[in-house]
Each structure stands twice: as structure tokens, then as C-alpha cells.
Amino acid sequence: MQLAGIPIFQVAAITRPLGASETCSTRRGGQRRFGTNTTATQEAMMDIAVLGMGRMGRALAGRLLEGGHRVTVWNRSTGKTGEIVSAGARQAQSVTDAVDRVDVVVTMLADDAAVRAVAFGELRSSIGGETIFVDCSTVSRKLSGELAEVFSARFLAMPVVGGPAAVSAGQATFLVGGDAGVVDRLGPVISSLTDNVRRYDTAPLAVTAKLATNLLLLSEVVALAESFAVGRSGGLRDDQLRDLLGTSPLVALGLRNRFEGVLTGSPDGWWTTVLGAKDAGLALDIARDADLELPAAAVVRHLYDTAASSGLEDADIAAVTDLYRSPSRTAAPQGR
């Protein structure tokens, strides 16, 4: 499948002043300023609801606050919104409360089940007729297509390449799929989040791009773990492996921020083994829909499934390296 993406460009190229019919609301009071990164003018400020307060959702909401937007946050469980509320966000008690009269709704949720429950539940019955719905979650191509069909031309898929720190710093890449007119309307939001955008004609194409990217990193983490396992099996110490591969051009730039985690088995991180297995499975589904088998991807998914079921379900994907300290657990999947 050939993606319809174009090279990364400066988001300023797709933004424009809002017309009279698109003037953003100032219903919730005057402009707020947070820190030194406020970029939105009074005319470009938007009321935005962010649904999902995991680490990525909190980073996204914080970045929007710094951009001068008015942000309302909601999370299914309690206890994750304190820092964002202290920074100036409004905490909603329900999805209906969160999306009331906002310009944009953003979902950043864990998986298809979570997005489906929110989007086709309370959100669908509560969202305003002119409100843009943006899903930043990593979900299946099928679900993204369903969302685009149900929410019609006002829906965009906008999955993120990069972790919470990159989002907070404005350095993440956003993969934007959907109607060009809606992307233009969303310009003030996108420009607050990043200058790095890749555009795709449809929401499912943007999701496909995200899953292709995720599969590559998941596979690279496994390959690095196996390289370390070979080195140790032959007698190399960890400091020798670090010296050998730490700055090697063979280690991709995107993998280097997990180098130490894979070397040491550190569980700290944000992309869990459960989510890694989920994303590898979604990539496999896309290929199988095209009657294509991906044997290496099947093994990658099996390894993250195994790690998750071995007590590492809340650990970062780098923790898959722990399997290579107990070799019997890395046996290849059968009948797949």
C-alpha cells in the first residue's frame, strides 16, 4: 500500500487567519497565559476538550495550555488531572460536561475498546454540530474509518510519533489524516503543538502510517535486545556493549533513547509492553487484510505478549530485554 503522505513541512504553511464564520470562542473568559510559550492570539484561541489523561494526554493538554488555549480535561479514572488543573485546565466531571460548547474535542486513549466506548457513547450524543473531533490515539485502521464515517467531515485522525517529553517540547510529529478544510480550521491547535506534520488524505492512512512506524521501533527494540544477548553469551560485559553499540551508526536515532533501558532492563517509560503487543497486532491486521503474512512481526508481537504476561505489563517496551535473561520464554509462537 502506498501512503499519500507528503514530506514534513512547517505547519505555518497550512494555517490561516480565521474567517468571520470561524472566529474561535471566548466563552470561558479572557486569554490565559502560561509560561513563556504562549503563541495563540485572542482570535486564534480555541476551547479544547482533551479526553484521556494518560502521560500522552497530559503532555498534549499541557502543550495546548502553554499555547494559550482554554483546555478542559476528563479521564475515566480519578487522580491523573491534578497537575494539569493546577496549570489552568478545567476538570470536567463527565464527557458531556467536557465537550459542552467547545471548538475541538481530542481523544488520547489506550486502545480501540476505550476509543469506541467514548466516541460512540457519550461523545456522539453530546458533541456540538460544528465541533471538530480529533483522535490522537493509536487504534485500528478499521475503527479510524468508522469514526470518519460516523463523525463525517469534521473528524481527523492525528496520531503522534514521539513520547510525552517530545510532545511537551513541541518536537513530536503529528500524522494528520482527513479533510483539508478541517485541517485548516484546526491550524491554531496544530501550530501550538508542533511544527512537524505529515499530511494524509484520509484518517485510515494516517493510522497506517503510525502503525508502520510503531512496528519498526518495536522490531528494533527486539533486535537490540537480541544483539545484547549475543554479546553477553559470548562474554562481553555491559560496559563493552555500551562502548561498542552506544554510538554506532547501526543503532537508529529513534532507538537511542531506549538504548540504556534495553541494556539494563529498566522498566521506566511510557509505552508499555501491553500497548506494544497491541500495536504490533494492529500492524499485522493491516497486512492480513491485504493477504500478506508478516512472520517477523508475528514473533515481535509474541515477545511483547510474553513480556506483558510475565509481570512486565506496566513496564516500558524496553523491558522485553528481560526475556533474554530467561531464554525459554522467548520461544517462537506456534501456529501463527
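Colleague: How many helices and strands does the secondary structure of the protein chain come to?
Modeller: The model is a predicted one. Buried residues make up 50% of the 336 residues in the chain. As for secondary structure, the count is 14 helices and nine strands.

Colleague: What distance does helix 1 reach from its first C-alpha to its last?
Modeller: Helix 1 covers residues 55-66, twelve residues in total. At 1.5 Å a residue the expected value is 16 Å, and the model comes close to that, at 17 Å.

Colleague: Is helix 1 mostly covered or mostly uncovered, and how many of its residues are buried?
Modeller: The buried residues of helix 1 include Met-56, Gly-57, Leu-60 and Leu-64. Just after the helix, Gly-68 takes a positive phi of about 95 degrees. Helix 1 is mostly covered, and its buried residues number nine of twelve.

Colleague: Is Val-106 buried or exposed?
Modeller: Val-106 lies in strand 4, residues 104-107. Leaving aside neighbours within four places in sequence, its contacts include Ile-48, Val-50, Leu-60 and Cys-136. Val-106 and Gly-57 are 49 residues apart in sequence and 9.0 Å apart in space, C-alpha to C-alpha. The relative accessible area of Val-106 is 3%, and the cut-off for burial is under 20%, so Val-106 is buried.

Colleague: How are helix 4 and helix 5 oriented to each other, roughly parallel or roughly antiparallel?
Modeller: Helix 4 (residues 112-126) and helix 5 (residues 141-151) pack with their axes 11 Å apart, at an angle of about 10 degrees. Angles under 35 degrees count as roughly parallel. The two helices are therefore roughly parallel.

Colleague: How many charged residues does the contact of helix 4 with helix 5 have?
Modeller: On the helix 4 side the residues include Asp-112, Arg-116, Phe-120 and Arg-124, and on the helix 5 side they include Leu-143, Glu-146 and Phe-151. By class, this contact has seven nonpolar residues and no polar ones, and the charged residues number four.

Colleague: Which helices are included in what covers the buried residues of helix 13?
Modeller: Helix 13 has 17 residues and reaches 24 Å from its first C-alpha to its last, close to the 24 Å expected. Its buried residues include Thr-273, Gly-276 and Ala-277. Those three are also among the residues in contact with Tyr-304. The cover of the buried residues includes helix 5, helix 9 and helix 14.

Colleague: With which residues is Lys-278 in contact, leaving aside its neighbours within four places in sequence?
Modeller: Lys-278 lies in helix 13. With those neighbours left aside, its contacts are Ala-110, Asp-111 and Thr-138.

Colleague: Is Asp-291 buried or exposed?
Modeller: Asp-291 sits in the loop between helix 13 and helix 14. Its phi is positive, near 60 degrees, although the residue is not a glycine. Exposed requires over 50% relative accessibility; Asp-291 has 73%, so it counts as exposed.

Colleague: What is the relative accessibility of Arg-101?
Modeller: Arg-101 is in the loop between helix 3 and strand 4. It has a positive phi of about 60 degrees and is not a glycine. Arg-101 counts as exposed, with a relative accessibility of 54%.

Technical notes: Residues are numbered from 1 along each chain as its sequence is written. This is a predicted model: local features need pLDDT of at least 70, side-chain atom pairs count only at pLDDT 80 or more; totals for chains, interfaces and linings use all residues. Side-chain values use heavy atoms; hydrogens and water are left out. Helices (H or I, at least four residues) and strands (E, at least two) are DSSP runs, numbered from the N terminus. The expected span of a helix is 1.5 Å times one less than its number of residues. Buried means under 20% relative accessible area, exposed over 50%, partly exposed in between (1.4 Å probe, protein chains only). Axes are lines fitted to C-alpha atoms, for helices over the stretch in contact, and angles run from 0 to 180 degrees between N-to-C directions. Angles under 35 degrees count as roughly parallel, over 145 as roughly antiparallel, 65 to 115 as roughly perpendicular and the rest as oblique. Contact means heavy atoms within 4.5 Å. Ala, Val, Leu, Ile, Met, Phe, Trp, Tyr, Cys and Pro count as nonpolar, Asp, Glu, Lys and Arg as charged, and the others, Gly among them, as polar.
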